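Here's a quick tour of one protein model, from the overall picture down to a few side chains. Have the viewer open as you read.

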Amino acid sequence: MNAPAQTRPAPHGWIILDKPLGLGSTQAVAAVKRNLREAGYGKKVKVGHGGTLDPLATGVLPVALGEATKLAGRMLDASKSYLFTVRFGSETDTLDLEGKVIATSDVRPALEQVEAVLPRFTGPIEQVPPIYSALKVDGERAYDLARAGQEVELKTRAVTILDLRLERFDPEEGATLLAHVSKGTYIRSLARDVAQALGTRGTVTMLRRVQAGPFDLSHAISLDKLNEIGKGAPLEQILLPLEVGLDDIPAIDLGPEQARAVRQGRVLTGLPHDDGLCWAREGIIPVALMELSGGEARVVRGFNLSDVAE
């Protein structure tokens, strides 16, 4: 049973949206805020997202609440997976269906040709981001300059394609690919470059994010399911714990004195763990994101969850 609005504690954790077509990431965050407000959580809940999705893209959009927003930046750095379709024969200025056609080709590659070219785009590669992107050029967003008709030149960037495979092929509809990529990778640029390597032009007609860091479509809920929260459904039905966003790194257990020291920002020594990023907990309560090095553990981000009941 939901607690009365005036006594309801601020939530901490993750809502993973299956973002629908046509909705921007900021609009999705606004929808979460609206539903929390309507459910009686007030206007002071911190909300942020872990990686922008274009309006024409669908799929996994992690939305962080409360103390989980301290992990939103880490989510931006996480690898992600996308399912996307490249239709061959034309290229638009936006590299998707939103733009106008700027180049065409009569070449239609066969399935075998598509499969043969994919290894060239697996591993570390260089790519030029789309001119219709949020990257800044002299302090201005690239897409604002492009929409104003200005010439936009973006620098080549190094990214890593961890895996790239063909999922479906249709001579008319094109190739549907599954890509697991590092942060900073533009799928529209990848599609453009694959098409050009095949001697043709290409446009993304479908783009769906199926995984972002530790989250995938199995965690995701629809916008309709989110809207039920504003109508009285328990938030617990859709809220994932903060620590789910830390599933890809080790956890270390702290005693009460160690937990107190970490909450005060002090360095811990003598922990029998390998160097690297980890998270510390006292019982079931996350205490901090920490960096272990040379037997010392330093706080990267502390979580103010000591008042959460076990």
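Of the 310 residues in this protein, 46% count as buried, where buried means under 20% relative accessible area, exposed means over 50%, and partly exposed is in between (1.4 Å probe, protein chains only). Keep in mind that this is a predicted model: local features need pLDDT of at least 70, side-chain atom pairs count only at pLDDT 80 or more, and totals for chains, interfaces and linings use all residues. Residues are numbered from 1 along each chain as its sequence is written, and side-chain values use heavy atoms, with hydrogens and water left out.

The C-alpha trace spans about 70 × 50 × 40 Å along its principal axes. There are seven helices and 18 strands, taken as DSSP runs numbered from the N terminus (helices H or I, at least four residues; strands E, at least two). With contact meaning heavy atoms within 4.5 Å, residues 24 or more positions apart account for 69% of the contacts with a separation of 6 or more.

Now for the inside. A nonpolar core here is a set of buried Ala, Val, Leu, Ile, Met, Phe, Trp, Tyr and Cys residues joined through side-chain atoms within 4.5 Å. The largest one has 48 residues, and I15, L17, V32, F84, L164 and L190 have the most contacts inside it. A second, separate core of 20 residues includes I16, A212, V244 and L246.

| Residue | Touches |
|---|---|
| S189 | L95, Q127, V128, P129 and P130 |

S189 sits in helix α5 (residues 187–197) and is buried, at a relative accessible area of 0%.

What about aromatics? Rings of Phe, Tyr and Trp (its six-membered ring) pair if their centres lie within 6.5 Å; planes under 30 degrees apart are stacked, over 60 edge-to-face, and the rest tilted. That rule gives one aromatic pair. The rings of W14 and F215 have centres 5.2 Å apart and planes at 55°, so the pair is tilted. W14 is in strand β1 (residues 13–19) and F215 in strand β13 (residues 215–216), so the pair ties together parts 201 residues apart in sequence. Both W14 and F215 are buried.

Note on methods. Lists of a residue's contacts leave out its neighbours within four places in sequence.
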